[in-house]
Amino acid sequence: MILFFNFRKDGEWKVKDKELLRSQQVTGKSQAKPSPAMPPVIESIHEDLSSDEEDEEENFRTKQLFLFAWQIAKGMNHLAENNLVHRDLAARNVLVGHDNQVKVSDFGLMRQIYEDVSSSAKSKKLPVKWMVPEALYQGLYTTKSDVWSFGVVLWEMATLGGVPYPTLTNSELYRLLGTGYRMERPDMCSDEVYELMGDCWKEEPRSRPSFYQLIEKLEVIMQRDAPYLDVNKHNEYHPYYNVPPEASDD
């Protein structure tokens with residue numbers, strides 16, 4: 001299953017998720033409400049990216065990254081509203097298509113939650129570096145688990161594809177997260193975006209924002225025309241671009 005949004009000329013976005021809509025029909029759940037108009041700031045960015053070819057590289061590294069983040073949050077909010085937890089949200093599972101359209105994919109670990117919590121036995125392969133402490137230590141998942149992973153996705157975009165926790169093995173990270181350890185702000189990342197990551201990585205799940213709140217926060221940042229990152233600070237020799245083999249074990 002792939003969840004994505006189509007931009008439309010009439011200024012609306014439309015959810016495309018045939019499997020979820022089909023399941024709603026089978027279970028008798030109500031259909032999704034009509035899509036609201038696209039926020040002016042998003043429409044403006046989309047139009048700029050569609051028409052501006054002279055500054056394509058700069059657009060990609062600033063406006064386009066915000067547009068990607070906004071679309072991912074929209075897709076994840078759709079899952080949350082249907083009591084679904086993705087459990088494997090990461091940049092590797094986000095597809096970018098034509099016209100800056102983003103698709104959230106790979107739902108192999110997705111589960112439906114009941115009473116706001118889903119529990120799971122440990123699997124052989126888990127995306128440890130994208131997982132929340134309560135999932136690692138207790139096997140508990142909520143929509144706020146996906147919010148934590150979204151923060152890691154923001155970090156991945158802020159490094160233009162860096163590897164999270166590059167110097168740590170999964171075992172080391174498992175121990176450190178319980179002490180309150182969090183990744184530092186990437187050199188290129190703006191303060192506004194890193195603050196958003198920090199909100200997603202709060203220890204108490206209830207203290208983390210919902211995806212709806214993240215959508216609003218992203219729109220506020222974009223309205224201020226804040227940069228996502230400063231590419232002039234890019235350092236190809238940073239550890240998250242050169243991960244040692246021992247940091248990818250376990």
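The model is predicted, so local features need pLDDT of at least 70 and side-chain atom pairs count only at pLDDT 80 or more, while totals for chains, interfaces and linings use all residues. Residues are numbered from 1 along each chain as its sequence is written, and side-chain values use heavy atoms, with hydrogens and water left out.

## The chain as a whole

The chain has nine helices and eight strands. Helices (H or I, at least four residues) and strands (E, at least two) are DSSP runs, numbered from the N terminus. Of the 250 residues, 48% count as buried. Buried means under 20% relative accessible area, exposed means over 50%, and partly exposed lies in between (1.4 Å probe, protein chains only). A contact means heavy atoms within 4.5 Å. Among the contacts in the chain with a separation of 6 or more, 67% are between residues 24 or more positions apart.

## Helix pairs

Axes are lines fitted to C-alpha atoms, for helices over the stretch in contact, and angles run from 0 to 180 degrees between N-to-C directions.

| Helix pair | Axes come within | Crossing angle |
|---|---|---|
| H4 (residues 63-81) and H6 (residues 143-158) | 11 Å | roughly 165 degrees |
| H4 and H9 (residues 211-223) | 8 Å | roughly 160 degrees |
| H8 (residues 191-200) and H9 | 11 Å | roughly 170 degrees |

Angles under 35 degrees count as roughly parallel, over 145 as roughly antiparallel, 65 to 115 as roughly perpendicular and the rest as oblique. H8 is therefore roughly antiparallel to H9. Their contact joins Glu192, Leu196, Asp199 and Cys200 of H8 to Leu214, Lys217, Leu218 and Ile221 of H9. By class, these residues are five nonpolar, no polar and three charged. Here Ala, Val, Leu, Ile, Met, Phe, Trp, Tyr, Cys and Pro count as nonpolar, Asp, Glu, Lys and Arg as charged, and the others, Gly among them, as polar.

H4 is also roughly antiparallel to H9, and the crossing of these two is left-handed. A crossing is left-handed if the near helix is turned anticlockwise from the far one by less than a right angle, and right-handed if clockwise. On H4 the contact with H9 includes Phe66, Trp70 and Lys74, and on H9 it includes Phe211, Tyr212 and Glu219. Eleven nonpolar, one polar and two charged residues make up the contact of H4 with H9.

H4 and H6 are likewise roughly antiparallel, but their crossing is right-handed. Leu65, Phe68 and Ile72 are among the H4 residues that meet H6, where Phe150, Val153 and Leu154 are among the partners. The contact of H4 with H6 has eleven nonpolar, one polar and one charged residues.

## Two loop residues

Asn83 is not a glycine, yet its phi is positive, at about 55 degrees. Asn83 lies in the loop between H4 and strand E3 (84-85) and is partly exposed, at 35% relative accessibility. Leu160 also has a positive phi, near 55 degrees, in a residue other than glycine. Leu160 sits in the loop between H6 and helix H7 (170-177), and with a relative accessible area of 33% Leu160 is partly exposed.

## Cysteines

A disulfide is a pair of cysteine sulfur atoms within 2.5 Å. By this rule there are zero disulfides. Cys189 is buried, with a relative accessible area of 3%. Cys200 is buried at 0% relative accessibility, and Cys200 is one of the H8 residues in the contact with H9.
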